[in-house]
Amino acid sequence: MAYALDIGSCPVASFNKMAVKELLDLPAHVEPALIITLGYPKEIPKPPRRRPLDRGGTC
């Protein structure tokens with residue numbers, strides 16, 4: 001939905017969990033696992049080109 005509204009997003013897994021718990025006053029049993037940042041980018045980059053599948057190898 002964010003992309004449809006021209007909002008950029010980025011998941012962040014490396015952050016101070018104790019600081020987030022204190023800042024948001026989270027209960028003791030809640031453990032934050034991921035933060036998603038949102039914002040309006042100056043421009044929306046094109047997605048990177050995908051590498052072709054290797055059809056000769058095994059799985």
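The questions below concern a predicted model and how its computed values meet their definitions.

In this predicted model, local features need pLDDT of at least 70 and side-chain atom pairs pLDDT 80 or more, while totals for chains, interfaces and linings use all residues. Residues are numbered from 1 along each chain as its sequence is written, and side-chain values use heavy atoms, with hydrogens and water left out.

Q: What makes the contact between Glu-31 and Lys-21 a salt bridge?
A: The term requires a side-chain nitrogen of Lys or Arg within 4 Å of a carboxyl oxygen of Asp or Glu. For Glu-31 and Lys-21 the N to O distance is 3.2 Å, so the pair qualifies under that cut-off. A search of the whole structure finds one salt bridge.

Q: Which parts does the pair of Glu-31 and Lys-21 tie together?
A: Lys-21 is in helix H1 (17–23), and Glu-31 is in the loop between H1 and strand E2 (35–39), so the link joins parts ten residues apart in sequence. Helices (H or I, at least four residues) and strands (E, at least two) are DSSP runs numbered from the N terminus.

Q: What makes Leu-34, Ile-36 and Leu-38 a nonpolar patch?
A: Patch members have over 30% relative accessible area and no salt bridge; nonpolar side chains (Val, Leu, Ile, Met, Phe, Trp, Tyr) are joined within 5 Å, like charges within 9 Å. Leu-34 has 48%, so this residue passes the area condition and is partly exposed. Together the three residues have about 320 Å² of accessible area, by the Shrake-Rupley method with a 1.4 Å probe, where for residues only the protein chains shown count as cover.

Q: How do you know that the protein is more spread out than a compact globule?
A: The elements run β-α-β from the N terminus on. The radius of gyration is 18 Å, well over the 10 Å that the globule rule gives for 59 residues, so the protein is more spread out than a compact globule. That radius is taken over C-alpha atoms, and the rule is 2.2 Å times the number of residues to the power 0.38. Along its principal axes the C-alpha trace spans about 50 × 35 × 20 Å. Buried residues make up 8% of the 59 residues.

Note on methods
Buried < 20%, exposed > 50% of the residue type's maximum accessible area, 1.4 Å probe, protein only.
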